[in-house]
Amino acid sequence: MNKKRAVRPVIKTTIWLLGLYFFGHALAFGQQSHTISGTITDQSNGETLFGASVFLTGTTIGGITNEYGFYSITAPEGEYVLNISYMGYTDVNIKITLNQDIKRDVEISEFSTELDEVVVTAEEPERAILRKPEMSVVKMNVGTIKQTPVVLGEVDVLKSLQLLPGVTNNGEGTGGFHVRGGAQDQNLVLLDEAIIYNTSHMFGFFSVFNADAIKDVKLYKGGIPARFGGRVSSVLDIRQKDGNSKNFALTGGIGVISSRLTAEGPVFGDKGSFLVAGRRSYVDLLLAAAGEDNRVSFYDLNLKTNYTINRNNRLFLSGYFGRDAFNFAGLFENSYGNGSGNLRWNHIFNDKLFSNLSAIVSRYDYDLNFDQDDFEWVSSITNYNLKYDLKYYLSDGFSLDFGANGIYYDFDPGQVQPTSESSPVNPLQLDQKRALESGAYINAEHKLTDRLSAQYGLRYSAFSRLGGQPITQYANGQPVVYNPTLGIYERGEAIGETDFARSDAIETFGNFEPRISLAYLLNEDTSIKAGFSRVAQYIHLLSNTNSVTPLDVWTPSGPFIEPQLSNQYALGYFRNFLNKSYSLEVEAYYKTVDNRIDYIDGSELIGQNTIETEILNGEMRAYGLEFLLRKNEGDLTGWIAYTLSKSEQRTPGGAAGGPGINNGEWYNTFFDRTHDLSVSGSYRLNDQWSFGTNLIFQTGRPVTYPNGQYEYEGLSIASYAPRNSDRLPAYHRVDASVTFRPRKYQNKRFKGEWVLSVYNLYHRKNAAAIAFGQNVETGANEATRTAIFGIVPSITYNFRF
């Protein structure tokens, strides 16, 4: 194996970043055109608005504000009416004379001042959705999310997204989410651009996102823009609030198991703002009061501030810190959590060129302490990310996004540390791994005709597994071999090690990732769209459980683990009808993933220093049809979402020999759902009362059941059906909520509301698992079904001051 210097990717990334910076300066000179640009903000709190529609009335000239509320429109000289619209806000119309470049910041106001009241579910003006060459995208605002009934009254971003087509979970009380038949680790989850590795509190009952601190939620299920890379299924882009720049404000809530409080206000005079949001559970206090020995708790802390240097320069500093802690009767303790920070610089070169430079750090770690045996297990993953993104509005019909980034990873798969001198456990440190991932991209949004628009781009990604640890070598280069006598896969024969210095690159990969989307407007109310995207993923989550757990370990691609590569094709039909009160979205997709990791029977992942001896490389495919019917206006709003889909995996024996897993045949993934139906609605009776409800039906999760048994030397041994050929019973439930706003809070700065919600209204005992065993008394075989939730009522008091 040739050793390559690891410094080369670092140099290339640095050159990309410097080149883009000077390229941006070059574009800023010599541009002479009539352009109006500026920022759209909320009049009440100064928050920038992402996705606001900015159009010149009577024309097709316009666009959508970016993540920082910035817009830029170029048009021929003349007099126009500038129209700004955003769902839940009053439209603004401004007369302008475009005979020179104009800078115009605009503040718009909400329809109502009620507490987080939202009367629509469509998140962008319909004309922009139809024309924009973007599909397979879900955008939700926090008002919509807060109206959704949830378990124990905890407002949950992820649970709300799972009510939309193509997004599912792996059952009640499980962490993570699945998008279009993909696995949990195939989702890139970003909070203010920082990677979040574990999105769950309390092993999956709740998500880590405090809705009071969130401004925007956008999920890319397909057609992933070229600026994103690293995950093959989806990108969940969540943005925190900047903080109220007009007035000091408090927002909070008191619930059954947790409470939250958010403080925000202006700082640095009128040049900045801050936000501090905290959330903590008190289950541990309730258990202690009840005399229980177990302890369960979690907390979140969201921080953000910004400072406006001048009209063209603004700084942001944001952070997130969250942690869970468990103590099970003094037998063992477990804690895990995420931490992240991001320093950003927004710079406007001129009215056509916007840039953002970010320095980001993210970390996820867990600690498992066994009190009886006096030792602890610690593992973590840390990454440092430097990225530079620019957007150039060349003309009304053409804009460019381009940029580059570099991510340095530090993987600590685990270390065992005795906690006392009497501990029977010896210290152990698994090999720490390092890697560098870099990428550069360019993406164009192009209005080809009045009816046809395109978005096309190319990303090049590179990944280097860096040295600093030995790599085990195996006989015939095979870490896994097939034993035909026993009919099982076994670890290969280790024949030595190769040492790599920290400056060496053990293995380097590179991939071109093209992306393209098209939108054709059939008429003012109807469009069809198509898209293709290719994405590479270089890090993998090692888990042979059905859902994400705190003990799962991330590992980089390397000598025996290839990067995952996906290709996704999508075709969609979009229509507004009944004067845009209703909208219909229908999408079909087909996705393949190469080099998907699968695990041999009996694989051991915890404490494993040579993980390549436990896995085989396979492939995945997923395809489906999604329907989304929305009611966007009126006192009754909501949607009906249905997905018909298939998700399968195949793992042949390959170079290891043998038939592979499941005899090399396609089998259902754990997260395959043939049918997935969600109905969600909210009804506003008057200023005091509003109601919400959900109805969910899903095909049961695939499982493997025993299909027989035999006796061997006095032992009863079960035989099993092909992998995931059976299913749990169908999952279904109905949730409901009632919100009451007392009249005494009307026309006052302090506002409060009571929310009563009932999860699983008809007490359905949905199966989380079915175990098979033998009845001790009768000796008969029997199946035992485990359910997590029955009916769960809750009450929450929310307030704002």
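**From a surface patch to the salt bridges**

Author: Leu695 is found in strand E45, which covers residues 689-698. The model is predicted, so confidence is taken up further on. Leu695 counts as partly exposed because its relative accessibility is 35%. Leu695 also belongs to a nonpolar surface patch of about 350 Å².

Now to a buried site. Ser136 sits in the loop between helix H2 (126-131) and strand E10 (137-141). With a relative accessibility of 1%, Ser136 counts as buried. Which residues does Ser136 touch, leaving aside those up to four places away in sequence? They are Arg180, Leu219, Tyr220, Lys221, Gly222, Ala570 and Glu587. With Glu587 there is also a polar contact: the two side chains are joined at 2.6 Å.

Arg180, one of the residues touched by Ser136, deserves a look of its own. Its place is the loop between strand E12 (178-179) and strand E13 (187-191). Arg180 counts as buried too, at 1% relative accessibility. Its backbone stands out: phi is near 50°, a positive value in a residue other than glycine. Most residues other than glycine have a negative phi. Asn595 is another case, with a positive phi of about 65° although it is not a glycine. Asn595 lies in strand E40, residues 582-599.

Strand E40 also holds Arg596, while Asp185 is in the loop between E12 and E13. Arg596 and Asp185 form a salt bridge, their closest N and O atoms being 3.2 Å apart. The pair links distant parts of the chain, 411 residues apart. Both partners are buried.

Side chains of opposite charge can pair when their charged atoms come close. The structure holds 39 salt bridges. In one of them, the side chains of Lys215 and Glu47 meet at 3.5 Å, N to O. Lys215 lies in strand E17 (residues 214-220) and Glu47 in the loop between strand E2 (35-42) and strand E3 (53-56), so this pair ties together parts 168 residues apart in sequence. Lys215 and Glu47 are buried. They are also members of a network of salt bridges, which links them with Asp192, Glu193, Asp242, Lys304, Arg344, Lys387 and Asp389.

Lys246 and Glu107 form a further salt bridge, with 2.8 Å between the closest N and O atoms. Lys246 is in the loop between strand E18 (234-240) and strand E19 (249-254), and Glu107 is in strand E9 (residues 106-108), so the pair ties together parts 139 residues apart. Are these two buried or partly exposed? Lys246 counts as partly exposed, at 34% relative accessibility. Glu107 is partly exposed as well, with a relative accessible area of 38%.

Now confidence. The mean pLDDT of the chain is 87, and 92% of its residues reach 70 or more. Among the elements, strand E14 (residues 194-195) has the highest mean, 97. Strand E1 (residues 4-5) has the lowest, 48. Over residues 27-31 the pLDDT is below 50, and this stretch has 10 contacts beyond near neighbours in sequence. Residues 113-125 also stay under 50, yet the model has 53 contacts for them beyond four places in sequence. Where pLDDT is low, the predicted coordinates should not be read in detail.

Methods. Residues numbered from 1 in each chain as written. Predicted model: local features only at pLDDT ≥ 70, side-chain atom pairs only at ≥ 80, totals over all residues. Heavy atoms only, no water. Patch = residues over 30% accessible without salt bridge, like charges linked within 9 Å, V, L, I, M, F, W, Y side chains within 5 Å. Areas by Shrake-Rupley, 256 points an atom, 1.4 Å probe, with all protein chains shown as cover. Salt bridge = Lys/Arg side-chain N within 4 Å of Asp/Glu carboxyl O. Helix = DSSP H or I, 4+ residues; strand = E, 2+ residues; numbered from the N terminus. Buried < 20%, exposed > 50% of the residue type's maximum accessible area, 1.4 Å probe, protein only. Polar contact = N/O pair within 3.5 Å; in protein donor to acceptor, adjacent residues only side chain to side chain. Contact = heavy atoms within 4.5 Å. pLDDT = per-residue confidence, 0-100.
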